[in-house]
Amino acid sequence: RPPPMKFDHINISASVEHLETLKDFYCEVLDLTVGPRPEIPIPGYWLYHTDCQAALVHMIEGPHHKPPEMSHLDHVAFQSENLSTIRGRLDARDIAYGHLELPDFGIEQISFLDPAGIKIEINRYMETQS
């Protein structure tokens with residue numbers, strides 16, 4: 001039986017100006033704090049809660065800015081140890097996916113679109129070298 005799939009984080013995409021407002025809101029209302037983030041050439045934040053070692057909310061400047069009354073949800077992320085199985089299922093359905101490794105954070109991830117066009121990200125946490 002494969003290890004369970006877990007919720008990982010949400011990603012919010014908005015203009016740089018709106019990111020500041022969103023960051024302040026999540027930090028003040030949900031008691032999150034800005035924490036470490038990989039060196040990505042896109043402005044943004046990773047927000048953490050004291051109970052969690054992983055960031056719960058990722059925020060990035062997105063290419064598809066939307067008016068504030070529309071959703072800024074960029075993607076939903078899950079955690080799984082079965083990336084190879086999931087890649088096989090995507091390949092069998094001819095669904096394109098991206099693959100990224102962030103070794104400094106011990107993360108390997110794949111991302112793809114579901115049939116409704118929602119981006120899904122699956123993260124596998126690897127052992128980091130100390």
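Select Trp-46. This residue counts as buried, at 9% relative accessibility. The model is predicted, so read each stop as a feature of that model.

The structure holds 1 aromatic pair. The ring centres of Trp-46 and Phe-105 are 5.5 Å apart and the planes meet at 70°, so the pair is edge-to-face; over 60 degrees is the cut-off for that label.

Now colour by secondary structure. Trp-46 sits in strand E3 (residues 44-48). Phe-105 sits in the loop between strand E6 (98-102) and strand E7 (107-113). The pair therefore ties together parts that are 59 residues apart in sequence. Is Phe-105 buried, exposed or partly exposed? Phe-105 counts as partly exposed, at 27% relative accessibility.

Next, select Tyr-45 and Lys-23. Lys-23 lies over the face of the Tyr-45 ring, 5.3 Å from the ring centre.

Move to helix H2 (residues 83-92). Which residues of H2 are buried? They are Leu-83, Ile-86 and Leu-90. These three cover an arc of only 65° around the axis, which puts them on the same side of H2. An α-helix has 3.6 residues a turn, so residues three or four places apart point the same way.

Show what surrounds that side. The buried residues of H2 pack against E7 and strand E8 (119-125). Then turn the helix over. Ser-84, Arg-89 and Ala-92 are exposed on the other side of H2.

Last stop: Asp-94. This residue follows H2, and its phi is positive, near 55°.

Notes:
Residues numbered from 1 in each chain as written. Predicted model: local features only at pLDDT ≥ 70, side-chain atom pairs only at ≥ 80, totals over all residues. Heavy atoms only, no water. Phe/Tyr/Trp six-rings, centres within 6.5 Å; stacked < 30°, edge-to-face > 60°. Helix = DSSP H or I, 4+ residues; strand = E, 2+ residues; numbered from the N terminus. Buried < 20%, exposed > 50% of the residue type's maximum accessible area, 1.4 Å probe, protein only. Lys NZ or Arg CZ within 6 Å of the ring centre and 35° of its normal. Arc of directions from axis to C-beta. Contact = heavy atoms within 4.5 Å.
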